[in-house]
Amino acid sequence: MKILNTILGAAAFATAGVIASAAFAQTYPTRSITMVVPFAAGGPTDTVARLVAESMSKDLGQQIIVENVGGAGGTLGAGRVANADADGYTVLLHHIGMATSATLYRKLPYDTLNAFEYVGLVTDVPMTVVARKDLDVKDFKGLVEYAKANSDKVTVANAGIGAASHLCGMLFMSAIETPLVTVPYKGTGPAMTDLLGGQVDIMCDQTTNTTKQIQGGTIKAYAVTSPERLAIFKDIPTVAEEGMPAMQVGIWHGIYTPKGTPAEANERLSKALQVALKDPNIASRFAELGTLPSPETDGTPAALKAKLESEIARWEPVIKAAGQYAD
């Protein structure tokens, strides 16, 4: 009888768990969700986050509020989410820095691969190699020659160690096998301001931040880092066309939740993301920024986890070879 009672008790507990899980799945979310962006407002990642948050909110029936928690190359915001309540109401939208920080920071306060659950990939933004508008160089080949001949004077702006512009800048210097004078800023905005003002020479940054400036003629564009030319910049060659395929890089963005977040919440968020990726408004706005929504098949937990693992493996040797760490 005692054994039977134990079995019946266990069965009742399991049934209660299933009922509770089903109830959670049916009601989640019941309030607003905070999406932490680990960079300053107005930057390229913030732009992507706000567009996606708006679309996902419609499907979820609850508002996603974007909160900017910048600093330390995105690790402050990521750390905040890693330590947040795992209840489905705090999410992180981070870019490629989620992978590179695993090597750039030798003492991270969280385990990059194991401190989060995965929701899905959002977009893969191309980069552009740009320069101040009065730089007397006609094409990418000339830019490389100029940089090599003036390596002690040519300045390369970036938005800080670990930022997308920093990573792309490292790839550029690695590809031309020439160290240049790097100038880190506290964000993309001030870096672009100084490029516009001619205080720095070169910058490598996402199309989400450079498109309007290129179209307006306030900076010069020499190459894009995508495998193919971009529809909005058909006259700008790819780095592969210029003989530097190793410079191909996209700044991919993904959504994460704290470790232990209920699977039902992650599944619901992933579903909302997949709906957003098919939103015509998202496609239109992303196109204006020189990028595309990720395919629906990439808006899944498995796809994001695989991407993060492969990118950590890709960037670790690059960062170690450069010997540039953030701590």
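Q: At what angle do the axes of helix 6 and helix 11 cross?
A: This is a predicted model, where local features need pLDDT of at least 70, side-chain atom pairs count only at pLDDT 80 or more, and totals for chains, interfaces and linings use all residues. Residues are numbered from 1 along each chain as its sequence is written, and side-chain values use heavy atoms, leaving out hydrogens and water. Axes are lines fitted to C-alpha atoms, for helices over the stretch in contact, and angles run from 0 to 180 degrees between N-to-C directions. The axes of helix 6 (residues 164-176) and helix 11 (residues 301-322) come within 11 Å, and they cross at roughly 70°.

Q: How are helix 6 and helix 11 oriented to each other?
A: Helices (H or I, at least four residues) and strands (E, at least two) are DSSP runs, numbered from the N terminus. Angles under 35 degrees count as roughly parallel, over 145 as roughly antiparallel, 65 to 115 as roughly perpendicular and the rest as oblique. Helix 6 and helix 11 are therefore roughly perpendicular.

Q: Which residues of helix 11 does helix 6 meet?
A: Contact means heavy atoms within 4.5 Å. From helix 6, the partners are Leu-167, Met-170 and Leu-171. On the helix 11 side they are Arg-314, Trp-315, Val-318, Ile-319 and Ala-322.

Q: How many residues in the contact of helix 6 with helix 11 are nonpolar?
A: Ala, Val, Leu, Ile, Met, Phe, Trp, Tyr, Cys and Pro count as nonpolar, Asp, Glu, Lys and Arg as charged, and the others, Gly among them, as polar. The contact has one charged residue and no polar ones. The nonpolar residues number seven.

Q: Which elements do the buried residues of helix 4 pack against?
A: Buried means under 20% relative accessible area, exposed over 50%, partly exposed in between (1.4 Å probe, protein chains only). Seven of the eight residues of helix 4 (residues 97-104) are buried, so this helix is largely enclosed by the rest of the structure. Those buried are Gly-97, Met-98, Ala-99, Thr-100, Ser-101, Thr-103 and Leu-104. They pack against helix 3 (75-82), strand 3 (90-94), strand 4 (116-132), helix 6, strand 9 (250-258) and helix 11.

Q: What is the relative accessible area of Ile-219?
A: Ile-219 lies in strand 8 (residues 219-224). Not counting residues up to four places away in sequence, Ile-219 touches Val-130, Ala-131, Lys-133, Met-192, Leu-195, Leu-196, Thr-210, Gln-213 and Ile-214. Ile-219 is buried, at 4%.

Q: What is the omega of the peptide bond from Tyr-28 to Pro-29?
A: Most peptide bonds are trans. Pro-29 sits in the loop between helix 1 (2-27) and strand 1 (33-37). The bond from Tyr-28 to Pro-29 is cis, with omega near -5°.

Q: Is Ala-72 exposed, partly exposed or buried?
A: Ala-72 is in the loop between strand 2 (64-68) and helix 3. Its phi is near 55°, a positive value in a residue other than glycine. With 35% relative accessibility, Ala-72 counts as partly exposed.

Q: What is the relative accessible area of Glu-177?
A: Glu-177 belongs to the loop between helix 6 and strand 6 (181-184). Phi of Glu-177 is positive, near 55°. Glu-177 is exposed, at 71%.

Q: What percentage of the residues in the protein chain is buried?
A: The protein chain has 11 helices and nine strands. Along its principal axes the C-alpha trace spans about 90 × 40 × 30 Å. Of the 327 residues, the buried ones make up 52%.
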